[in-house]
Amino acid sequence: MVSDAWFRFGLPLGSALVLVGFLDTAINLFSAWMDLGGIFVFHVNQATKVDPVAIVWIVIITVYNLSNLGLLWIGGILRGSVSLLIAWIVTTVVCGVIVLGIWIYSMSLGWGDWRSFLSEMYMILTFLLVTGYLLNVTIQCLKPLKDGEPLEPIGKGVRHLLKFYRDDPTLAAKCLLISELVVIAEYVFTRQVLQFAFEGDLAGHEGDTSAGIIAEEYVIRWLRFIISGVGIYFVHKGKVLQLKYWGLIYLGSIIASTGIFIYLLIEWNAEHPLFTIGYYLTFLMSLVYRVWILYTSMQVIQPYISSSSFLTLNENN
């Protein structure tokens, strides 16, 4: 179906499920850092009583991350188990219902504050959109897997997964660039829009007005969104020469972020060491991931670089 392919960004079903794994991992790890860190700082570290809602959040975040690793990655992507994929879907739905219940409860406490009400409504909407997308793609994979249809590279282990994308760098580059594009969009709409439009109560680096944070979290991040989108187009259309120059721009963004990282190490700290350490670890993981994306994207043009037909090929692009 056209609508199903659109939900997969045009990726084959197997690669779309791998994309779901990347997105679910990135979103859950970030939530674990920010939300668990916030609970620790505002309750445990300040010796205040941990309320039942905070305890529920701790359980939900833990379950999300364990199910991502055990059910989605190991069970679904690496082993191709339909039953474990269904278990991940059920776990995600149950946890999602509990999360929605918490937000609805919070809404009921702030009926008189329209900004708080709209903030909760916005969080519910974005949560449903993101979770709905992940579930939609995963559900599409169930019938083919149940019928024994091959969904490359699903169900054949880590070595086959790595070899599959090593042999098809174009598909690998698409998956990685799309994952970056979606993660940036998810962060902008669930965190930054929440902060500016509804004055959301965020912690750590979020809301910080230091020059380094503004440069990385707003200027560079939004530029990366545009650069990634252009990269997806070049990879998809086979624009080899353009992709070469795109790689230089992408490399420039990595160099700029590295400079900002060094500057922040010297000049910046969050309100609590936990948030500071968490931000720098996340920053480093992001840099490593972006280097991986650049390396994989450049593998697409590698066969043409040493070819005498390189310029001739691109004259036709």
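Valine 90 is found in helix α4, which covers residues 82-109; helices here are DSSP runs of H or I of at least four residues, strands are runs of E of at least two, and both are numbered from the N terminus. With a relative accessible area of 46%, valine 90 is partly exposed (buried means under 20% relative accessible area, exposed over 50%, and partly exposed in between, with a 1.4 Å probe and protein chains only). Valine 90 and leucine 135 lie 45 residues apart in sequence, and their C-alpha atoms are 9.8 Å apart in space. The model is a predicted one, in which local features need pLDDT of at least 70 and side-chain atom pairs count only at pLDDT 80 or more, while totals for chains, interfaces and linings use all residues. Residues are numbered from 1 along each chain as its sequence is written, and side-chain values use heavy atoms, with hydrogens and water left out.

Turning to the chain as a whole, the secondary structure comes to 11 helices and zero strands, and the pattern along the sequence reads α-α-α-α-α-α-α-α-α-α-α. Of the 317 residues in the protein chain, 48% are buried. Contacts (heavy atoms within 4.5 Å) between residues at least 6 apart in sequence join residues at least 24 apart in 76% of cases.

Leaving aside residues up to four places away in sequence, leucine 36 touches Ser31, Ile58 and Ile61. Between leucine 36 and alanine 54, 18 residues apart in sequence, the C-alpha to C-alpha separation is 8.8 Å.

The 33 residues of α5 reach 48 Å from the first C-alpha to the last, close to the 48 Å expected at 1.5 Å a residue; the expected span is 1.5 Å times one less than the number of residues. Just after α5, glycine 148 takes a positive phi of about 80°. A cis peptide bond, with omega about 0°, joins glutamate 152 and proline 153. Most residues other than glycine have a negative phi, and most peptide bonds are trans. Proline 153 is found in the loop between α5 and α6 (157-167). The C-alpha atoms of phenylalanine 164 and glutamate 152 are separated by 7.9 Å, at 12 residues apart along the chain.

Finally, helix α8 (residues 211-237) and helix α9 (residues 240-267) have axes that come within 10 Å and cross at roughly 165°. Axes are lines fitted to C-alpha atoms, for helices over the stretch in contact, and angles run from 0 to 180 degrees between N-to-C directions. The two helices are therefore roughly antiparallel to each other (over 145 degrees; under 35 counts as roughly parallel, 65 to 115 as roughly perpendicular and the rest as oblique). Among the residues making the contact are Ile220, Ile227 and Phe234 of α8 and Trp246, Tyr250 and Ile260 of α9.
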